[in-house]
Amino acid sequence: MTASSTATPVPTKRRRATAARQNLTGWLFVGPFGIVFLALLVLPIGFALYLSLFQKSLIGGTRFVFLGNYAKAFTDPSFLDGVWFVIRFSLVLIPLQMAVSLAIALILDIVVSRFARFSRLMIFMPYAIPTVIGALMWGFLYSDNFGPLAEIFESFGRQAPDFLSTGLIFYGLLNIVTWQWAGYYMIILYAALQGIDPTLYEAARIDGASQWQIVLRIKIPLVAPALLLILVFALIGTLQFFNEPKILQQLAAGSIPDDFTPNMYAYQQAFSLANYNYGSAISFALGAVVFICVYIFLFATRKRGSFFS
Amino acid sequence: MSVTPMELTGTSAKDTSDTRKRPIRTRGRIPLNIVLALLMVYFLIPFWWVIVNSSKTSAGLFGGGSALWFADDINYIGNLVDLFTYGGGIYARWLGNSALYALVGGLGATVLAVLAGYGFAKYRFAGRRAAFAIVLGAVMIPMTALVIPTFVLFAQVGWTNTIWAVIFPTLLNPFGVYLMNVYARDAVPDELLDAARVDGAGEFRIFSQVALPMLRPAIVTVLLLSVVASWNNYFLPLVMLSDNRLFPVTVGIGLWQSTASTYGAAGGQSLWSIIILGSLVSVIPLIIAFLTLQKYWQGGLTIGSLK
């Protein structure tokens with residue numbers, strides 16, 4: 001491409017032929033994905049929007065209500081409480097997760113040993129576990145019947161905290177999600193740290209910088225793009241929270257209702273109550289909220305060379 | 001865990017050799033190693049609990065012994081037999097289903113992502129910028145928001161409760177396209193492609209013989225990420241499937257768990273020991289995959305975050 005455009009007079013006919021070939025081959029490569037994209041993303045979104053404009057009732061059948069379902073959703077305490085919960089959860093979880101994974105990555109960047117390499121792999125391990133199984137394992141650890149908490153706290157003469165109770169389920173879930181993802185984020189940050197040119201540290205040390213100053217002034221600013229990527233992933237993941245609360249629902253009798261998160265509420269509406277129209281409206285509203293939040297966030301923090309380049 | 005002290009002492013000798021290559025002050029290193037050891041205990045404790053408790057009989061599980069140590073009789077064999085014979089051997093079928101969905105879905109998603117990522121990176125075709133912007137936007141759409149409308153669509157053509165209901169939606173991986181595009185842009189030089197064109201090679205021959213080998217690290221990463229995403233998926237198969245012979249292992253264990261919880265500790269007792277062992281067995285394949293493919297994913301996971 002660069003060669004043909006810089007070369008001196010190429011006959012226009014040939015140039016046009018090259019452009020046409022570029023067009024055709026380009027679309028041939030992108031085409032198969034494009035078809036899947038249209039069929040499994042664009043079509044369902046359009047269909048969700050369409051479904052969400054109708055209401056089904058026992059008497060009168062299906063009728064067009066335009067934005068009626070959305071008006072209902074945004075005044076429905078079940079939906080609003082769910083949204084409020086995932087927002088609150090994200091606000092605590094994401095900084096916690098980023099701090100934990102960054103701290104571990106920084107330690108592993110400093111400590112170079114076989115033990116450090118081994119622990120890096122072990123800390124990453126929870127990522128390989130399905131979230132369902134991860135939630136189940138922690139559910140066992142929290143439970144009175146199987147868990148070690150009662151045993152440990154009793155040896156100190158204390159009452160064990162019940163992380164499955166209404167009051168503490170927030171922290172129970174916080175722990176599970178942090179455990180599951182911190183290792184994955186740590187690997188991303190660790191590799192970003194390893195990509196930094198070590199001569200920068202030498203130069204800083206000659207100028208009299210301490211280890212802490214190197215961490216705060218060189219390492220953290222240079223891994224900022226990786227931190228941003230993690231933040232976006234964590235945000236998208238948390239707002240669609242479903243698996244962990246769904247699995248713990250049975251073990252934590254009563255502290256996780258069916259409308260705990262927006263996704264659980266949409267699931268209940270669609271599959272327990274066969275109310276696909278309202279379920280679709282909730283799904284669509286949630287998708288739109290997530291998309292807009294992430295888009296605004298990325299736009300506000302955009303830099304040259306980041307995700308939007 | 002029992003490995004920690006051994007590994008700790010084992011490292012001190014190794015450390016000195018590393019220090020020569022990369023001068024780091026030794027002060028503060030022992031506390032950091034202790035922090036690492038504590039972190040490892042935290043990250044491994046659920047695994048330890050599952051390994052210990054899957055050895056117990058129902059009596060041992062509910063008998064009030066220590067939750068973090070083995071009971072007197074170690075019953076792995078008995079529990080394994082129970083696990084693979086319960087419900088007519090349904091567990092083995094679930095594992096097979098998970099493998100099928102993960103491999104077919106993951107491979108398909110990877111092929112599509114490699115083709116599209118390469119196409120976006122190396123051809124200046126009309127509409128490229130707009131199309132790529134749309135794909136980037138799609139990365140930000142929560143996939144679970146698509147599940148309910150996709151279910152209703154599939155229901156109309158009779159695809160729900162078939163393996164395709166789980167496999168088709170897994171083929172969509174916009175993030176994979178993004179990763180491949182970023183990687184192909186830098187890893188495959190345009191000059192090389194032009195040289196091959198001058199030599200008279202066709203576009204698809206150039207792709208398969210020149211570009212594909214250079215894209216290998218990114219391909220392994222996208223494949224691993226798609227396989228893991230599909231193996232770990234829960235919401236999609238939970239919605240799509242009603243026949244328990246089609247369940248992947250995540251939905252299957254979820255089903256056992258809710259059955260056992262409904263009957264409480266009394267009625268569900270025999271089920272709990274196979275749920276615990278079933279959880280352990282279900283995580284072994286991916287752990288092995290990650291340990292053996294280490295050198296590929298450790299580099300590849302960072303594509304797109306290094307800039």
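**Domains of chain A.** I looked up the distance between the domain centres of chain A in this predicted model: over C-alpha atoms, the centres of domain 1 and domain 2 are 38 Å apart. Domain 1 covers 2-51 and domain 2 covers 71-300, with bounds from an automatic or database domain assignment.

**Conventions.** I noted that local features need pLDDT of at least 70 and side-chain atom pairs pLDDT 80 or more, while totals for chains, interfaces and linings use all residues. Residues are numbered from 1 along each chain as its sequence is written, and chains are lettered from A in the order in which they are written.

**Interface.** I found 85 residues of chain B in contact with 88 residues of chain A (C-beta atoms, placed from the backbone, within 7 Å). On the chain B side, helix 2 (residues 29-53) gives the largest share, 13 residues; helices are DSSP runs of H or I, at least four residues, numbered from the N terminus. That side divides into 53 nonpolar, 20 polar and 12 charged residues (nonpolar: Ala, Val, Leu, Ile, Met, Phe, Trp, Tyr, Cys and Pro; charged: Asp, Glu, Lys and Arg; polar: the others, Gly among them).

**Helix pair.** I then took helix 14 (residues 276-300) of chain A and helix 6 (residues 147-156) of chain B, which pack at about 140° with axes 8 Å apart; axes are lines fitted to C-alpha atoms over the stretch in contact, and angles run from 0 to 180 degrees between N-to-C directions. A:Tyr276, A:Gly279, A:Ser280 and A:Ser283 meet B:Ile148, B:Pro149 and B:Val152.

Note on methods. Contact = placed C-beta atoms within 7 Å. Helix = DSSP H or I, 4+ residues; strand = E, 2+ residues; numbered from the N terminus.
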